[in-house]
Amino acid sequence: MSSWLIANLWLVPAVPLAASLAILSLANSRRAGAVALAIVGQVAAFILAIAAFLPTLEEPGRRFFHNFTWFIFGEHAVRIGWVLDPLTAGMLLMITFVGLWIFVFSKGYMADDRNFCRFFAYLSFFSAAMLGVVIANSLLLLFVCWELVGLASYLLIRFWIHKPSAAAAAKKAFITTRIGDLGFFLGILWLYGSTGTLLFYDDGKGCLEGAGLLAVGASATFVALLIFSGAAGKSGQFPLHVWLPDAMEGPTPVSALIHAATMVAAGVFLVARVYPLFSIGAVDGVTPSLVVVVWIGVITSLMASLIALAQADIKRILAYSTVSQLGLMMVSLGVGGVAAGIMHLLAHGFFKALLFLGSGSVIHGCHHEQDIRKMGGLRKIMPVTFATYAVGMMALSGVPLFFAGAWTKEEILHASAHWPKSPMPYYLMLAGVVLTALYMTRQMIYVFYGERRSGSQHAHESPPVMTRPLMVLALCTVALSAILTPAWPWLHTYLSGEHAEIDFPRLIQPMLFVSLGVVAAGIGLGAVIYRRAGVADPFEQKFPALFRFLENKMWVDELYAHTVIALSRTAALVSSWMDRFFWDGLVRVVGGIGRMFGGLSAGFDERGINAGVNGGAAGAGGLGRLMSRFHSGQVQLYLGAVAVGVVALILFYAWLT
Amino acid sequence: MTPTLQLCLLISAALFSIGLLAALSRKHAIFVLIGIEMMLAAANLNFVAFWRFGPEPQNPTGVMVAIFSIAIAAAEAAVGLALVIAVYRHYRTTNVRRLDQLKG
């Protein structure tokens, strides 16, 4: 059974893909059919994911793979395949499970949308692409699915295409990630050039195993950094993070599915997948490429936390918090805490989907109001949303003991505290944790506490189809912490291929108090600052200039607009000018020469050949007119002519003889 | 007066000239046909004369050609008359001066 499933692991993404195609072939009015197909596809994928998960439990750290030849090109056989290891199995479970509840939520959230069926087709397609990324045992297959993920995100962000901002955001997301992907693709080519294979694991011949890694050798740093550029694009790392907040233009379930739980996870997943390339030749767990990963992660994380502090759009705050959490995961990977990073990724998938769906519920309840300054007092009107949102918020902030995010964040802090290179990331991460708690408290107070403001006057609780997924995800966020604690670090050991042992005294660690302290500081600070907050932000009143700076996303977009975009625009103008004047002029000159020859030829035709032909024709015509006079139709005249001719012939004959 | 070759040829030439004159000058298509038949008869007379006064009068070569020619002439006259009738039906005339549809 298990070997059959490993050989046919492709079924996991194939099922949602088939569902997507089936939905696309449905009429637009078959809403129930579309939902049923999408959810059945996702449930089937989830069941398959569980079936795939079971064999990985039997032997910790065991890695299954199945490779085959895709096509042969000359002497090169391109082989692809799928791999099943704890990383894949964990991701499969998270994507299919979280995705399933997002699908259910979407049924309620998108109920009034005209293109309801298409939405579910795209969601299923996205899910399929993401599952493809996860199971790929070949960098090529991974890249193909990676690009499909990009396509799906493009389609979903621009789903409300009638909004120009949505269309622009989709383009921005697509182009920005494409910049990263260019580097990724170069990395793939480089890797293929030096190892001759793109398979990750192939009985010791893959590019992540002994011989392959040796073949990469010194160029591994460059290959790793190029691949990281793709990961940075997809995971919204600085300086390619600009697309992620704008992508909030898509419907909220899309934000939950793509821009919180799964797609942005692809970058972190990719780094974890090709981690051997990053860590090869490590001294003390430090390589140049890992140092880059750490610092990019630190910068991204802090920057996004700061920006989130000054945003007013409920989804944008969550978007920046996603960026910040992804930075955190990158730091974790960079400092060597691969398992911690992936654990945070999995836990984050749950609680960030919960938060996004919660924000979707709030937006739905407030009749598509997204400005938190216009909300307020929703605690009593939307009790379920409030309670589940609070769970998500506490998990994200890292409130210890009962919430999944806290344990994983603690693991990350733990890993970064022991980074031999520099203690700075650790302290900056602590600052980031404070900031996270602060902006989440701000958001909670604005949305759920205080007076009801303009946007929340007619608010209502969302229907059960939307609140149930929230409850399930909230429950999972809490329940998940059972396998994350240091007392029974099951997930950690599962990911790193060891056996977990229960050891309750380990629960109490110094790090627990550190994180308790910083989270309490963040939430307390937030409560003090925003307790009496009105429409005007207290932080804005205190530091207007700083607030403006953060509100405008540190002017990164403007910086890009005036550098990269301006440069490409200038290049476009120069090209246009070159095209119009230089190349066009050249074409005109060549064309002129042609015209000249044409004119000469035409003149010769006109005066030489035509005149001759005309003259000949006129002569023939005159002769014809003359001769036609003899052609009178009088038979006897003809006969007479014959007679004259015969007489003439006879006379000629007589003269000859 | 015994018939000689010269006499025969003279008669034949006269007959041919009369026939030609008739074919060229008469307006009625039937008379034109008769003129043509006369020219044909003149030619037949020449065949017979050259055979009768030729080196081997014992072999009936010339007369055989004449008989063939007369047979063909009969067929040709039938075709010619049929043509005249067809032309008459179409144009309601047999005047060859007015049958000038062949003019260029």
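**Figure 1. Chain B of the predicted model has three helices and zero strands.** From the N terminus on, its elements follow the order α-α-α. The model is a predicted one. Along the principal axes, the C-alpha atoms of chain B fill a box of roughly 50 × 25 × 25 Å. The radius of gyration of chain B is 17 Å, whereas a compact globule of 104 residues would have one near 13 Å. Of the 104 residues in chain B, 12% are buried. When contacts in chain B between residues at least 6 apart in sequence are taken, 49% of them join residues at least 24 apart.

**Figure 2. Close-up of helix H2 of chain B, which covers residues 29-52.** H2(B) has 24 residues. From its first C-alpha to its last, H2(B) reaches 35 Å, close to the 34 Å expected at 1.5 Å a residue. The buried residues in H2(B) are Ala29(B), Val32(B), Gly35(B), Ala42(B), Asn44(B) and Ala49(B). Helix H1 (5-25) and helix H3 (61-91) of chain B are among the parts that cover these buried residues.

**Figure 3. The contact between chain A and chain B involves 10 residues of chain A and 11 residues of chain B.** On the side of chain A that touches chain B, helix H28 (residues 635-656) of chain A gives the most, with five residues. By class, this side of chain A has three nonpolar, seven polar and no charged residues.

**Figure 4. Chain A as a whole contains 28 helices and two strands.** Chain A has a radius of gyration of 36 Å, well over the 26 Å that the globule rule gives for 657 residues, so it is more spread out than a compact globule. Its C-alpha trace spans about 150 × 65 × 50 Å along the principal axes. Buried residues make up 49% of the 657 residues of chain A. Among contacts in chain A between residues at least 6 apart in sequence, those that join residues at least 24 apart come to 78%.

**Figure 5. Close-up of the two strands of chain A, S1 (residues 64-73) and S2 (residues 76-84).** S1(A) and S2(A) pair in the antiparallel sense, over nine bridges. Within this pairing, Asn67(A) in the view stands opposite Gly81(A), a residue in S2(A). The two strands form a hairpin, with two residues between them. In the turn, Gly74(A) has a positive phi of about 65°.

**Figure 6. Close-up of helix H19 of chain A, which covers residues 404-417.** H19(A) has 14 residues, and the distance from its first C-alpha to its last is 20 Å. This reach is close to the 20 Å expected at 1.5 Å a residue. H19(A) is mostly covered, with 13 of its 14 residues buried.

**Figure 7. Confidence of the prediction in chain A, given as pLDDT.** The mean pLDDT of chain A is 82. In this chain, 96% of residues reach 70 or more. Among the elements of chain A, the lowest mean pLDDT, 71, belongs to helix H24 (residues 538-542). The highest, 90, belongs to H28(A), the helix that also gives five residues to the side of chain A that touches chain B.

Conventions:
Residues are numbered from 1 along each chain as its sequence is written. Chains are lettered from A and ligands numbered from 1 in the order in which they are written. This is a predicted model: local features need pLDDT of at least 70, side-chain atom pairs count only at pLDDT 80 or more; totals for chains, interfaces and linings use all residues. Two strands pair if DSSP finds at least two bridges between them. Helices (H or I, at least four residues) and strands (E, at least two) are DSSP runs, numbered from the N terminus. The expected span of a helix is 1.5 Å times one less than its number of residues. A residue is buried if 20 or more other C-beta atoms lie within 10 Å of its own, exposed if 12 or fewer, and partly exposed in between; C-beta atoms are placed from the backbone. Two residues are in contact if their C-beta atoms, placed from the backbone, lie within 7 Å. Ala, Val, Leu, Ile, Met, Phe, Trp, Tyr, Cys and Pro count as nonpolar, Asp, Glu, Lys and Arg as charged, and the others, Gly among them, as polar. pLDDT is the predictor's confidence in each residue, from 0 to 100. The radius of gyration is taken over C-alpha atoms; the globule rule is 2.2 Å times the number of residues to the power 0.38.
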